Amino acid sequence: MNKMVETMQLRTFTIAIILLVLFYTLNLVRTNRLSAHLAISWIIAEVAFLILMLSDHLWSALISFLGEDTTSYGAFLLGAVWIVFLMLDSLTRISSLTTKLKEVNQELALARERLDRLEEMNRSLVSEPESN
Amino acid sequence: MKVLLIIPAHNEAENLPALISGIRTREHSYDAVVIDDASSDKTAYVAARHGVPVLRLAANLGIGGAVQTGFKYAAFKGYDIAVQFDGDGQHDPACIETIVGPVRRGEADCVIGSRYMRGRSDTDYETPLLRRIGMYFSSGMLFLATGVHVTDTTSGFRALSRPAFEFFARAYPVDHPEAEALLMLHQKKFHILEVPVKMRGRVRGESLFTFTKALLYPLRVIIGFIGLLLNKQV
């Protein structure tokens, strides 16, 4: 009986935490602080965890998979591994964007220099007829 | 052969006038370009006032990103040789021809100006202990990875042939890129050569190679090398 109460408490606590994180993620997207495109994998993960916690069938399957005595530790470990994958996915996106930003920055510098040179040529062309 | 000096500069407004006049008073006249790495001082203004083209980076990219911008410029402008030349006044303009010569003669694709060549080391140059340890470490790593012995892996005073700098215009490491760049050149079968040069201490301003960066340098080298050895696309 005690075990069941403990499990229920754990599920309720986890559901509350996931809901909190999910609302926070959605709020970040809503206020334009996080791109929906970048947040999609996190939102999918949070919803998947929520479904897992709410569904009795899935929860039972998880318990039988992890073992009754180590369910909480096992669930925590699975969650941690999943978060590591999500973080790696985010790092991949950051790396890709950093490379793109570097290239844009470099091209901008090269274009600026060409523009400066053209403006200089233009100025000298304009001033030449005046001096003649 | 057209030679371009690539001068990466971050807050080097005080050092640039002497450096530019040093380049111009020598018997060989070199074209130069200053890469202003988002300086907060008047680096770009000072360089432009001295008649040197300036590539102004809108955001700070660090030495690797700045130098790569110079390689892109050199490739676009049709230069035959590109020389990396620090904006802090450490490199002696009198030694430019020493490192350009072997590239000009087709003896190497990358010539490194070294302070530590055995029997011909620059005894006047004082290297801080942490930097020296970092350099021995990266030299050892490079030797393990390639079998090539380079005495001054951290030297930023280098001359590159057109094929070599065109390669770097496409791919170049970002942070503390010197040792990784040598590994990349070796992987692409470019010929690397070292020649002894004299270097001076930084004239004015502060080095960006801080204590923390020096401590992390070996780790960066290891990770950078592993990345390059695993990456088949470079």
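1. Chain B has 234 residues, and a compact globule of that length would have a radius of gyration near 17 Å; the value for chain B is 16 Å, so the two agree. This comes from a predicted model. Along the principal axes, the C-alpha atoms of chain B fill a box of roughly 45 × 40 × 40 Å.

2. On burial, 47% of the 234 residues of chain B count as buried. The cut-off for buried is 20 or more other C-beta atoms within 10 Å of the residue's own. As for contacts in chain B between residues at least 6 apart in sequence, 77% of them join residues at least 24 apart.

3. The secondary structure of chain B consists of eight helices and seven strands. Seven strands make up an open sheet with mixed pairing, and their order in chain B is β3-β2-β1-β4-β6-β5-β7. At the edges are β3 (54–56) and β7 (192–196) of chain B, each of which pairs on one side only. On average, and with direction ignored, neighbouring strands of this sheet are turned by 20° against each other.

4. One pairing can be followed at residue level. In chain B, strand β1 (residues 3–9) runs parallel to strand β2 (residues 31–36), and six bridges link the pair. Within this pairing, Ile7(B) lies opposite Val34(B) of β2(B). In general, strands of a sheet pair through backbone hydrogen bonds, in either the parallel or the antiparallel sense.

5. The contact between the chains involves 14 residues from chain B and eight residues from chain A. On the chain A side touching chain B, three residues are nonpolar, two are polar and three are charged.

Notes. Residues are numbered from 1 along each chain as its sequence is written. Chains are lettered from A and ligands numbered from 1 in the order in which they are written. This is a predicted model: local features need pLDDT of at least 70, side-chain atom pairs count only at pLDDT 80 or more; totals for chains, interfaces and linings use all residues. Two strands pair if DSSP finds at least two bridges between them. Helices (H or I, at least four residues) and strands (E, at least two) are DSSP runs, numbered from the N terminus. Axes are lines fitted to C-alpha atoms, for helices over the stretch in contact, and angles run from 0 to 180 degrees between N-to-C directions. Two residues are in contact if their C-beta atoms, placed from the backbone, lie within 7 Å. Ala, Val, Leu, Ile, Met, Phe, Trp, Tyr, Cys and Pro count as nonpolar, Asp, Glu, Lys and Arg as charged, and the others, Gly among them, as polar. The radius of gyration is taken over C-alpha atoms; the globule rule is 2.2 Å times the number of residues to the power 0.38. A residue is buried if 20 or more other C-beta atoms lie within 10 Å of its own, exposed if 12 or fewer, and partly exposed in between; C-beta atoms are placed from the backbone.
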